[in-house]
Amino acid sequence: MKLVSKFALALSLAAVSAAPAAFAQSDEKPKKEKKGKKVAPAAPKRNYSKPFIAAYMPVANMLNKTKDAIAAKAAFSTVVAAIGNDDDRYEAGILAINIGAPLKDLAFQEQGIDLLIASPSTPLDVKRQVMFQKGSIAYDSKRFADAEKNMVDAYNLGNRADNIEFYISNAMAQQSKDVEAIAWIGKAIDVNKAAGSVNKVIVLRAANLYVKAKNYAGAADLFKDLIVAENNPDYWHDALAFFDRSRDFNPEESLDIMRLLRATNGLRFQQEYAAYLDSLSYIGVRYPAEAVSVLDEAFDKGVISRNNVTFSERYNEAKSRLAEDTRTLPGTIAPAKASPKPILSSLTADSFFSHKDYKTAKDLYQSALSKGAVLDKDGGDQTDRTRFRLAMSKAMLGDYAGAKVDFAMMNNPNRKAIAEYWNIYIDHLSKLAAIPVAAALAT
């Protein structure tokens, strides 16, 4: 990105320069503070050398009176040659910057900046400003090592404006100093968070740095900030994709990530639909209704061709099982509820959930949990999985508060982590549900 376009060195420092007219030295004593009133501090007294004043005035008049910046630039060397002290150097630097501004001559302005930086007479606020501008010029010239040095110097002088941390990070990244770049962009994100905002450009850039470093957990955390700020399907896609790569999930956990990805309209690619199907069918075709629905979506979007042999075979297999599954499913409710084994109610609820019958699924999950720990045939504890899907059912039915209560009861670390994303989704759904109510109250 171009800095000059944003921080154009149409930088004018005339406001902080001494009055050109004769460089009068005032011996007036500061006014005493009147009772109840504050008096502005006096400007620092400057001591310009006589040769400098003599050289400066004609060049300043070319710029300010005759408006001939080209002539002023040509004569500026006489001003530099006459510099006799730090105050002279300070004023010469300001003049060079102001000459370069109408000419859009960055190199000439940089000469002025160097004079200001070199002068102890330059006020700190001016020095930190021009140090950043010097870094900006170096950045646009792709002199990234110089840009980094100048901007870090400006930062150390107290500059906290202009998204300086972000640009320092970019300069470092351009030199493949990725570890340092990540640290600095982290500072940029912290600044925005402290201000109560999320700068999407900075967060996306930070995420890219994390991905480059194969730190998928870091990238997922950054995208989490984005999906909290905005219910954007593209952000959901990347947030959940990096989250999925950041941990080892079993097929049941992966399935509930994929379900959220689909609910947020975040599914994008053929391999993602394939992963969804794998989670649905890692033991035969367990959920034919959901498999058919997912593939119909992929076909309709054009993500997968109906002529694709692999997917068409999987579709036909799921379709062939769907009629029988639909026919026999209602008869499974009573036996599941009557069984003393909680797992039967939980597995039956899973089937109803896949058919989008969330009310029946909710009742069966609650039935399972009412019977104690939900243990599978191998003795594995499926209580968290059951309660998690109870929360999902409630979310689909619009019981957002109830869903959050159940998500908060997760003990399994993976389930806890997945629940954070479902809670973000619920928050967005809650906001959408509140809009019609607010509109109705306003009428």
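Where in the chain is the place of Asn265? Asn265 sits in the loop between helix 12 (251-263) and helix 13 (270-280). This and the other features below are taken from a predicted model.

## Overall make-up

The chain has 21 helices and 0 strands. Of its 443 residues, 48% count as buried. Among contacts with a separation of 6 or more, 61% are between residues 24 or more positions apart.

## Loop residues with positive phi

Asn265 has a phi near 60 degrees, which is positive although the residue is not glycine. Asn265 is partly exposed: its relative accessible area is 41%, which falls between the 20% limit for buried and the 50% limit for exposed.

Lys142 is another non-glycine residue with a positive phi, here near 65 degrees. Lys142 belongs to the loop between helix 5 and helix 6. With a relative accessible area of 63%, Lys142 is exposed, since the class begins over 50%. For context, most residues other than glycine have a negative phi.

## Nonpolar cores

Which residues have the most contacts inside the largest nonpolar core? They are Phe243, Phe407 and Tyr421, in a core of 98 residues. Helix 21 (residues 413-442) supplies the largest share of this core, 9 residues. Apart from this core lies another, of 20 residues, including Tyr56, Phe76, Ile99 and Phe108. In soluble globular proteins, nonpolar side chains tend to be buried together.

Leaving out residues up to four places away in sequence, Tyr421 touches Ala220, Lys224, Ile227, Trp236, Ala239, Leu240, Phe243 and Leu260.

## Helix 7 and its surroundings

Helix 7 (residues 164-173) is mostly covered, with 10 of its 10 residues buried. These are Ile164, Glu165, Phe166, Tyr167, Ile168, Ser169, Asn170, Ala171, Met172 and Ala173. The buried residues of helix 7 pack against helix 5 (124-140), helix 6 (144-156), helix 8 (178-194) and helix 9.

How do the axes of helix 7 and helix 8 cross, and within what distance do they come? The crossing is at roughly 165 degrees, and the axes come within 8 Å. Helix 7 is therefore roughly antiparallel to helix 8, as angles over 145 degrees fall in that class. The crossing is left-handed. On the helix 7 side, the residues involved are Glu165, Phe166, Ile168, Ser169, Met172 and Ala173. They meet Asp178, Glu180, Ala181, Trp184, Ile185, Lys187, Ala188 and Val191 of helix 8. By class, this contact has 9 nonpolar, 1 polar and 4 charged residues.

## Helix 9 against helix 10

Helix 9 (residues 200-212) packs with helix 10 (residues 216-229) at an angle of about 165 degrees, and their axes are 8 Å apart. The two helices are therefore roughly antiparallel to each other, and helix 9 passes helix 10 in a left-handed crossing. Helix 9 contributes Lys200, Val203, Leu204, Ala206, Ala207, Tyr210 and Val211 to the contact. Helix 10 contributes Tyr216, Gly218, Ala219, Leu222, Phe223 and Leu226. The contact has 11 nonpolar, 1 polar and 1 charged residues.

Is Leu226 buried or exposed? Leu226, a residue of helix 10, is buried, with a relative accessible area of 1%. Apart from neighbours within four places in sequence, Leu226 is in contact with Val198, Lys200, Val203, Leu204 and Tyr235. Of these, Lys200, Val203 and Leu204 are also listed on the helix 9 side of the contact. Leu226 and Leu204 are 22 residues apart along the chain, and their C-alpha atoms are separated by 8.7 Å.

Ser312 is found in helix 15 (residues 309-328). Its relative accessibility is 19%, and Ser312 counts as buried because the limit for that class is under 20%.

Definitions and conventions
Residues are numbered from 1 along each chain as its sequence is written. This is a predicted model: local features need pLDDT of at least 70, side-chain atom pairs count only at pLDDT 80 or more; totals for chains, interfaces and linings use all residues. Side-chain values use heavy atoms; hydrogens and water are left out. Axes are lines fitted to C-alpha atoms, for helices over the stretch in contact, and angles run from 0 to 180 degrees between N-to-C directions. Helices (H or I, at least four residues) and strands (E, at least two) are DSSP runs, numbered from the N terminus. Angles under 35 degrees count as roughly parallel, over 145 as roughly antiparallel, 65 to 115 as roughly perpendicular and the rest as oblique. A crossing is left-handed if the near helix is turned anticlockwise from the far one by less than a right angle, and right-handed if clockwise. Contact means heavy atoms within 4.5 Å. Ala, Val, Leu, Ile, Met, Phe, Trp, Tyr, Cys and Pro count as nonpolar, Asp, Glu, Lys and Arg as charged, and the others, Gly among them, as polar. A nonpolar core is a set of buried Ala, Val, Leu, Ile, Met, Phe, Trp, Tyr and Cys residues joined through side-chain atoms within 4.5 Å. Buried means under 20% relative accessible area, exposed over 50%, partly exposed in between (1.4 Å probe, protein chains only).
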